[in-house]
Amino acid sequence: MAGGNTDAGESYSTVTGLMYVFNLIVGTGALTMPAAFTHAGWLVSLLILMALAFMSYLTTTFVIEAMAAANAMVHRHAVRHFKKVIKKEEMKISPINCQSELVADLMTDEVISSALDHDERLPLLLNTVESVDYYSITERIELGKMASLFFNKAGINLFYLFIVVYLYGDLSIYAAAIAKSMRDVTCDYVPEGANCTTTYNSSDPCWISAPSVTRHYAYMIYLASFLALLGPFTFYNVQKTKYLQMLTSLMRWFAFTVMIALATVALVKGKGRGNPPVADIRGVPNLFGVCVYSFMCHHSLPSLITPIRKKKRLFSLLVADYMLILAFYFLLSFTGIFTFNNLQDVYTLNFQPNKCSDSDAVVESVPFLQYFLSLFPVFTLSTNFPIIAITLRNNLKTLFLKDSKQYSFFLDHILFPVITVLPPVAIAFATESLEILVGVTGSYAGAVIQYVIPAMLVYYARKDSLTAIGMGVKNQHLSPFYHTGWIVFVCAWAVACVAFVTVNHITNL
């Protein structure tokens, strides 16, 4: 998953919106996918990736339907409010003993239309009550707001709890990936007789000039430096990041394109050394977590979908978007697993400049590109880390603090930033395995956010909007999977997958 943001007021075409969704999904998770493919086997990986892509699309349609229902509730409230305002104005001119809302509902469309046209607080779509498009997605309503609309207090707290856990995992992945990339690029110690396929141990020296500093110590040094440099941003607010995000997206696309091209050239020249198994059940749990993490976009959909001007064929175009993402993941992973026989859990590290005596390198030696790819996670994840950290900090405050109450400076400005940034860095200190971090984050918190929350949101959204608005008004953004059986299927799928992953983790301990 990559970070993504758009300004609340801007609008764009459907194609642009789908590009944003593509960029949001194709991010950090893609870098751990080739290693997960190797460990689970290429055929099993192929089938699981296709299944999880379908499940991600299914729940994406649930989120969009829930967004439309939330907009309908807001629009209904606005219309009712303005009917009351207009009624009060009428009573000033011609007092009528009218206490019930039913009489207000019987007012002429001409009077209501006149009032709505002169009040800028309503969305422009509410030009006349007769033609109100309740389910039009015009207001950006984030998942947290939808949870507060459709869930009870316990449901809201559980929602924020899983969001917080997922963001903690996200930050742990970012911290570990940055420290590991810096360590592997800068370490210059090469064991005697090493070749390009040599696997280094964490106890091996890192630098020739400092043989007492092991690779593990070097990793911790870079992780501590990372905390010192980027940790302070958690105490502030980061705004106006649009151009920084655009630069990050360009770098990501350039890096992925170069990796695919270099691996393809190596395969064409017959240098491919990869020989992945067809299937290995032991690698499936981590593969599941990696794939769930790699299709995560649901928490940011309101920010990306709402500004799209024309949403008529949105679901059909999202199918094409998901097919493109699926093809991209296949291309990246399959070129990787058949090119390298020892895949790093951060795929970019397979392209670092050769530090071995073997001149027969797998990929072409292009130092600039190799250094760029090796340091790519450092560039991109460093720009996203403060944004994700601030999002986590704000969600922690929502979970534990009340908006109506004043809190001390220490609690609000010191304690929460500290408990935001220290736990994920501590997790990164405990393990540098990106595949495990991504697998656990995706398998548990990611599965709840991608499957359970959308299913519950759409279930309660349908019930509440039916009660408030009635059956006579059609939701044009109704999910193609509108039968309640699909909601049951998604929840059962989530429970089964989490149970399978848990059993396998316990078995492998």
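Biologist: Leaving aside its neighbours within four places in sequence, which residues is Arg183 in contact with?

Modeller: A contact list is read by setting aside the residues beside the one in question. In this predicted model, Arg183 is in contact with Arg215, His216, Ala218, Tyr219, Tyr222 and Glu432, once neighbours within four places in sequence are left out. Arg183 itself has its place in helix H7, which covers residues 153-186, and the C-alpha atoms of Arg183 and Met220, which are 37 residues apart in sequence, are 9.1 Å apart in space.

Biologist: Is Arg183 buried or exposed?

Modeller: Arg183 has a relative accessible area of 3%, and because buried means under 20%, Arg183 counts as buried.

Biologist: How many salt bridges does a search of the whole structure find, and where do Lys397 and Asp412 lie?

Modeller: The search finds 8 salt bridges. In one of them Lys397 is paired with Asp412, with 2.8 Å between the closest N and O atoms. Lys397 lies in helix H13 (residues 367-400) and Asp412 in helix H14 (residues 409-430), so this pair ties together parts that are 15 residues apart in sequence. Asp412 is partly exposed, with a relative accessible area of 22%.

Biologist: Which parts does the salt bridge between Arg462 and Glu65 tie together?

Modeller: The side chains of Arg462 and Glu65 meet in a salt bridge of 2.7 Å, N to O. Arg462 lies in helix H15 (residues 434-469) and Glu65 in helix H3 (residues 42-93), so the pair ties together parts that are 397 residues apart in sequence. Both Arg462 and Glu65 are buried.

Biologist: Turning to the overall fold, how many helices and strands does the protein chain have?

Modeller: The secondary structure of the protein chain comes to 16 helices and 2 strands, and of its 509 residues 53% count as buried. To read how the chain folds back on itself, one asks how far apart in sequence the contacting residues lie. Among contacts in the protein chain with a separation of 6 or more, 84% are between residues 24 or more positions apart.

Biologist: Which residues of the largest nonpolar core touch the most other members?

Modeller: That core has 148 residues, of which Leu49, Met146, Phe295, Tyr329 and Tyr451 touch the most other members. Not counting residues up to four places away in sequence, Tyr329 touches Ile25, Val26, Gly27, Ala30, Met33, Leu49, Ser294 and Phe295.

Biologist: What is Ala263 in contact with, leaving aside its neighbours within four places in sequence?

Modeller: Ala263 is in contact with Thr335, Thr339, Tyr347 and Phe351 by that reading. Its place is in helix H9, and at 0% relative accessibility Ala263 counts as buried. The C-alpha atoms of Ala263 and Phe351 are separated by 9.4 Å, although the two are 88 residues apart along the chain.

Biologist: How many cavities of 30 Å³ or more are there, and which residues lie closest to the centre of the largest?

Modeller: Rolling a probe the size of a water molecule over the atoms shows where empty space is left. Here the count comes to 3 cavities of 30 Å³ or more, and about 80 Å³ of space lies in the largest cavity. Of the 11 residues that line the largest cavity, Gly27, Thr28, Arg252, Thr380 and Leu381 are the closest to its centre. The elements that give two or more residues to this lining are helix H2 (28-40), helix H9 (242-268) and H13.

Biologist: Which element gives the most to that lining, and what is its make-up by class?

Modeller: H13 gives the most to the lining of the largest cavity, with 4 residues. By class, the lining has 5 nonpolar, 5 polar and 1 charged residues.

Key
Residues numbered from 1 in each chain as written. Predicted model: local features only at pLDDT ≥ 70, side-chain atom pairs only at ≥ 80, totals over all residues. Heavy atoms only, no water. Salt bridge = Lys/Arg side-chain N within 4 Å of Asp/Glu carboxyl O. Buried < 20%, exposed > 50% of the residue type's maximum accessible area, 1.4 Å probe, protein only. Core = buried A, V, L, I, M, F, W, Y, C linked by side-chain atoms within 4.5 Å. Contact = heavy atoms within 4.5 Å. 1 Å grid on protein atoms, 1.4 Å probe; cavity = no way out; pocket = protein on both sides within 12 Å on 5 of 7 lines; lining within 4 Å. Points joined across faces, edges and corners; volume = space filled by probe spheres on them. Nonpolar A, V, L, I, M, F, W, Y, C, P; charged D, E, K, R; others polar.
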